[in-house]
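Subject: Handover of a structure model

Hello,

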Amino acid sequence: MALSIFDLFKIGVGPSSSHTVGPMVAANRFLAELRERGDLERVAGLRVSLFGSLAMTGKGHATDVAVMIGLLGERPDQVEAGRIPDYIDAIRSGGKLMLGGEREIPFAEDTHLKFHFGESLPKHPNGMRFEALDRAGLIFYGNVYYSVGGGFVLSDAEANDQGRGAEDATITQPYPFRNAAELVEKAEQASLTIAELVLENERMRHSDQEIHEGLLKIWQVMDECIRKGCEHSGELPGGLHIKRRAHDLWQELVNHPERSLQDHLTVMDWVNLYAMAVNEENAAGGRVVTAPTNGAAGVIPAVLAYYDRFIPGSNIDGVKTFLITAAAIGMLYKQNASISAAEVGCQGEIGVACSMAAGALCAVLGGTIRQVENAAEIGMEHNLGLTCDPIGGLVQVPCIERNTMGAIKAINAARLALRGTGEHHVSLDSVIETMRQTGLDMQDKYKETSTGGLAVNVVAC
């Protein structure tokens, strides 16, 4: 399996990796294909069609905004989040779009950006079609893309029933693994930790300096997201009138530190704060790290911040070990199941993030390889069947609180595993396969369509 650590952790903007980051990446790819063909100057108009979950919850997930920003040539990891509203206002008020930052074309959303509600493309629930038109209004080039979770995007030619869209056949790894059993076996045979084994594989792509700097950048963005989430107050956008809670909780905790002496569970409040801060920033369209998705972006930063702030002896090497171990576990889900809520429900987002964080925390707390695998298994086992039913199609309710629960559950899973010997009845591979099968059995109304569950049983506005 030729997956990279940095496939699992990508820097982007909120509120969704599959519905915001993915469509922006798809628009970037379409631009690149036009350039490669020498056809950019030929473009006189565009049509973008959104299908499946991208249509059903696209407005709440800012899919329309992401497509337009991507067509401007802006990238998820580089765009200034604060400038996005200005870009969109300019397109909407002027009725024009600067394609790739260099060619102005007419663009009216009601004509050129269509939401096909109730229609799906065959290879994934998150499908979109881009079409370039010439001066006569005829299509001269088009392509279909699928946003398959976590910011991964497949073209129509790349997508198939088995492919997960992240493998690189040109990379030869010293320790390839297809599942958790192989990962554990090869690590034990080589007398390596899971993080050390994955690091050896990553060296086939990047130098040690690049890996070091990349991991520090990921942690820096996560930590900055926590800080910004604590500082910002007011309402979240989207019309639900959800008040940001992280700021008030942060103020309460820092202004009354003595309460931690009276309530020994105050540390849980801090972990809740970290997760809530990240996902409020995500809901507001701020800069986050897909970990492995935006909807679940608060779990891993919260547990990593818990390690950084509350575990004696924590250090930067531990931070790197945490992230690499988490990525290794995420690779297993990406390859053998899914990290797309539109495909398997929220078990593929919060559940996977919880599993990744649990195994990673267990590793940095001194767990054995088998205890790490046990922690990751516990983290998913108790998220099986978790549905994705966001109210109003927004990544707010129940998503923000759900990140706090995922983080707390991950810490408990790590502690349970550390109290054991590493022996357990259910394997990580078994729970991953169970998650995949559960996702297949789950009705579509519970898979990021906002047509079931809380989305229809709670008044949106």
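Predicted model: local features only at pLDDT ≥ 70, side-chain atom pairs only at ≥ 80, totals over all residues.

Residues are numbered from 1 along each chain as its sequence is written, and side-chain values use heavy atoms, with hydrogens and water left out.

The sheet. Five strands form an open sheet in the order β5-β2-β6-β7-β8, and the pairing is mixed. Helices (H or I, at least four residues) and strands (E, at least two) are DSSP runs, numbered from the N terminus; two strands pair if DSSP finds at least two bridges between them. At the edges are β5 (113–116) and β8 (152–155), each of which pairs on one side only. On average, neighbouring strands of this sheet are turned by 25 degrees against each other, direction ignored. Angles are taken between axes, which are lines fitted to C-alpha atoms (for helices over the stretch in contact), and run from 0 to 180 degrees between N-to-C directions.

Inside the sheet, β2 (residues 45–51) and β6 (residues 127–133) pair in the antiparallel sense over six bridges. Ser-49 has Arg-129 in β6 as its bridge partner.

The helices. Helix α2 (residues 17–36) lies across β2, β6, β7 (139–149) and β8, at about 150 degrees to β7. Helix α4 lies across β2, β5 and β6, at about 145 degrees to β2.

The loop. Ala-81 sits in the loop between α4 (63–71) and α5 (84–94). Ala-81 has 25% relative accessibility and counts as partly exposed; buried means under 20% relative accessible area, exposed over 50%, and partly exposed in between (1.4 Å probe, protein chains only). Leaving aside residues up to four places away in sequence, Ala-81 touches Val-13, Gly-285, Gly-286 and Arg-287, where contact means heavy atoms within 4.5 Å. Ala-81 and Gly-286 are 205 residues apart along the chain, yet 5.8 Å separates their C-alpha atoms.

The cysteines. How many disulfides does the structure hold? It holds zero, a disulfide being a pair of cysteine sulfur atoms within 2.5 Å. For Cys-346, the closest cysteine sulfur is in Cys-388, 5.6 Å away, which is too far for a bond. Cys-362 is in no disulfide either, and the nearest cysteine sulfur, that of Cys-354, is 13 Å away. Cys-346 is buried at a relative accessible area of 9%, and Cys-362 is buried at 0%.

Regards
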